[in-house]
Amino acid sequence: MKLNELLVKATHNSGTTVAVAAAEDEEVIEAIAEALTHKLAKFMLFGEREKITDLLTKSGVRQATEISIFETASKEESAASAVKAVQAGEANVLMKGNIPTSSLLKAVLNKEYGLRTGSVLSHVAVFEIPGYERLQIITDAAMNIAPTLQEKVQILNNAVTVAHSIDISVPKVAPIAAVEVINPAMEATMDAALLTQMNKRGQIKNCIVDGPLALDNAVSALAAEHKGINSEVAGQADILLVPTIEVGNVLYKSLIYFANAEVGAIIAGARAPIVLTSRADSAKSKLYSLALAVCSVNI
């Protein structure tokens with residue numbers, strides 16, 4: 001599957017509505033205009049009505065019945081209103097606009113009207129890499145700094161759910177480390193081994209986990225063969241589970257800036273998918289992230 005195919009798949013999830021907090025953002029509006037072209041979803045836009053209307057006009061969107069605009073007095077009110085719309089079932093996806101991530105997450109985590117489920121929230125990115133035969137999922141590059149073993153279980157489960165939403169029925173998961181052998185001095189290798197054993201014992205389901213694996217052995221069958229690694233996951237991992245946010249963030253940005261990869265990403269683990277793109281992300285990346293979120297609704 002290619003990321004473009006997500007745009008087609010997302011249209012099968014008809015009736016999806018996206019609530020956008022602080023929608024007065026040029027690239028967000030461009031992504032929404034593209035999403036409307038592809039008939040991905042309807043949109044509830046919260047923020048400064050005049051700015052939103054001007055940006056919609058600039059993007060060629062005119063009085064679309066698929067768009068509703070709600071005036072808010074501040075970015076914080078915009079975030080709260082968007083989250084409440086999802087909590088009330090008026091929308092199925094939450095999207096970040098021109099608002100600090102911390103402000104949006106504060107609303108998401110609100111005890112009265114937020115979207116927490118009791119699970120860890122984690123960032124799940126789906127990459128299309130030039131010259132690489134399949135989509136590559138990477139987690140967690142943006143949310144959890146140094147996750148514990150139990151947090152890694154939840155992060156892994158979130159990624160598996162996203163993989164299922166894009167038709168990877170039994171995703172192969174590689175908890176990656178610097179080496180492919182267990183070393184008590186390297187916590188990442190110990191956690192990887194424990195996750196592998198938990199999977200074998202049925203504590204982690206609906207996927208195949210094997211690690212620790214170094215990055216080369218996780219994604220290259222040739223590298224795995226050279227090192228004599230016999231594994232269902234080595235050389236064909238669908239999901240790369242990184243040990244820390246630094247590893248994930250560097251890998252994420254390396255693929256974009258060195259490999260010219262395309263990406264769609266969401267926050268999983270909440271009551272609804274969250275599109276939490278950065279200011280540096282392109283309109284195309286935001287569009288793919290929207291499509292991924294729509295595919296992930298009700299999974």
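Lys 58 and Glu 26 form a salt bridge, their closest N and O atoms lying 3.0 Å apart; the term denotes a side-chain nitrogen of Lys or Arg within 4 Å of a carboxyl oxygen of Asp or Glu. The pair links distant parts of the chain, with Lys 58 in helix α3 (residues 49-58) and Glu 26 in helix α2, 32 residues apart. The model is predicted: local features need pLDDT of at least 70 and side-chain atom pairs count only at pLDDT 80 or more, while totals for chains, interfaces and linings use all residues. Residues are numbered from 1 along each chain as its sequence is written, and side-chain values use heavy atoms, leaving out hydrogens and water.

**Salt bridges**

- The whole structure holds nine salt bridges.
- Lys 58 is exposed at 61% relative accessible area, whereas Glu 26 is partly exposed at 38% (buried means under 20%, exposed over 50%, partly exposed in between, with a 1.4 Å probe and protein chains only).
- Glu 27 and Lys 286 also meet in a salt bridge, at 3.6 Å from N to O.
- This pair joins helix α2, which holds Glu 27, to helix α11, which holds Lys 286, across 259 residues.
- Glu 27 is partly exposed at 30% relative accessibility, and Lys 286 is buried at 3%.

**Helix α11**

- Ser 285 lies in helix α11 (residues 283-296), where helices are DSSP runs of H or I with at least four residues, and strands are runs of E with at least two, numbered from the N terminus.
- Ser 285 is buried, with 5% relative accessibility.
- Leaving aside residues up to four places away in sequence, Ser 285 touches Val 263 and Gly 264 (contact means heavy atoms within 4.5 Å).
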